[in-house]
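Subject: Structure handover and findings

Hello,

Here is the structure for your files. My notes follow it.

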Amino acid sequence: MRPARRQPVHPFDTAFSGATLFHRRFVARDETTRHVLQDLIACLGQADVPPKAIANAELILAEILNNVVEHAYAGRAGLIELWLSAKTDGLVCNIADQGQPFPGGAMPKADLPPVSPPDNVPEGGFGWHIIRSLAVGLHYRRRGDWNLLTLEVPLG
């Protein structure tokens, strides 16, 4: 008789505070991410979230989700789970994936890449600076096979 195989720990098995506005579980691909972000924008608009908060949430989550696709899964298939909950003063975003963890177990710094305008502006390297500039309460942890990232997007 084989030993029972342990089920993976689901990343968000505790209740969220606030009302869940949006939840998606989707395959990590560029085109899927675009569709999820379009659905998110529509949902937040219907929930009367201020336009500035919607734009910030879209920018932050586009950076994060694209990083998951490009770096955590590095072209492999994998799932992403995204939840947004409402608080009085902001949106709580929870993102989970089973890709590679952050190197060293910590989120990248917000350092900007060297820039030599106008001809040598790098294409990448601005994402974590943008995320850290617009989000508050950033928290990353690894739980079982899951990368868990939580952040808040202020409403004001």
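First, a cut-off: a salt bridge here is a side-chain nitrogen of Lys or Arg within 4 Å of a carboxyl oxygen of Asp or Glu. Note that this is a predicted model, where local features need pLDDT of at least 70, side-chain atom pairs count only at pLDDT 80 or more, and totals for chains, interfaces and linings use all residues. Residues are numbered from 1 along each chain as its sequence is written, and side-chain values use heavy atoms, with hydrogens and water left out.

Salt bridges

The whole structure holds 3 of them.

- E152 and K87 pair at 3.1 Å, N to O. E152 sits in strand β5 and K87 in strand β2, so the bridge ties together parts 65 residues apart in sequence. Strands are DSSP runs of E, at least two residues; helices are runs of H or I, at least four; numbering starts at the N terminus.
- R25 meets E81, with the closest N and O atoms 2.9 Å apart. This pair joins strand β1 to strand β2 (residues 79-87), 56 residues apart in sequence. E81 is buried, at 2% relative accessibility. Buried means under 20% relative accessible area, exposed over 50%, partly exposed in between (1.4 Å probe, protein chains only).
- R24 pairs with D39 at 3.7 Å between the closest N and O atoms. R24 is in strand β1 (residues 19-27) and D39 in helix α1 (residues 30-46). R24 is partly exposed at 30%; D39 is partly exposed at 38%.

D97

This residue lies in strand β3 (residues 90-97). D97 is buried but has no salt bridge; R142, the nearest side chain of opposite charge, is 5.3 Å away. For charge, Lys and Arg count as positive and Asp and Glu as negative; His and the chain ends are not counted. The D97 side chain does reach the backbone nitrogen of G99, at 2.8 Å. Beyond four places in sequence, its contacts (heavy atoms within 4.5 Å) include V68, Y73, D145 and W146.

Helix α3

G127, W128 and I131 are buried in α3 (residues 127-134). Down the axis, the buried residues fall within an arc of 90°, so they line one face of the helix. That arc is taken from the directions from the helix axis to the C-beta atoms. Their cover includes α2 (51-72), β4 (136-143) and β5 (146-154).

Overall

The chain has 3 helices and 5 strands, in the order β-α-α-β-β-α-β-β from the N terminus. Of its 156 residues, 36% count as buried.

Best wishes

Key: Polar contact = N/O pair within 3.5 Å; in protein donor to acceptor, adjacent residues only side chain to side chain.
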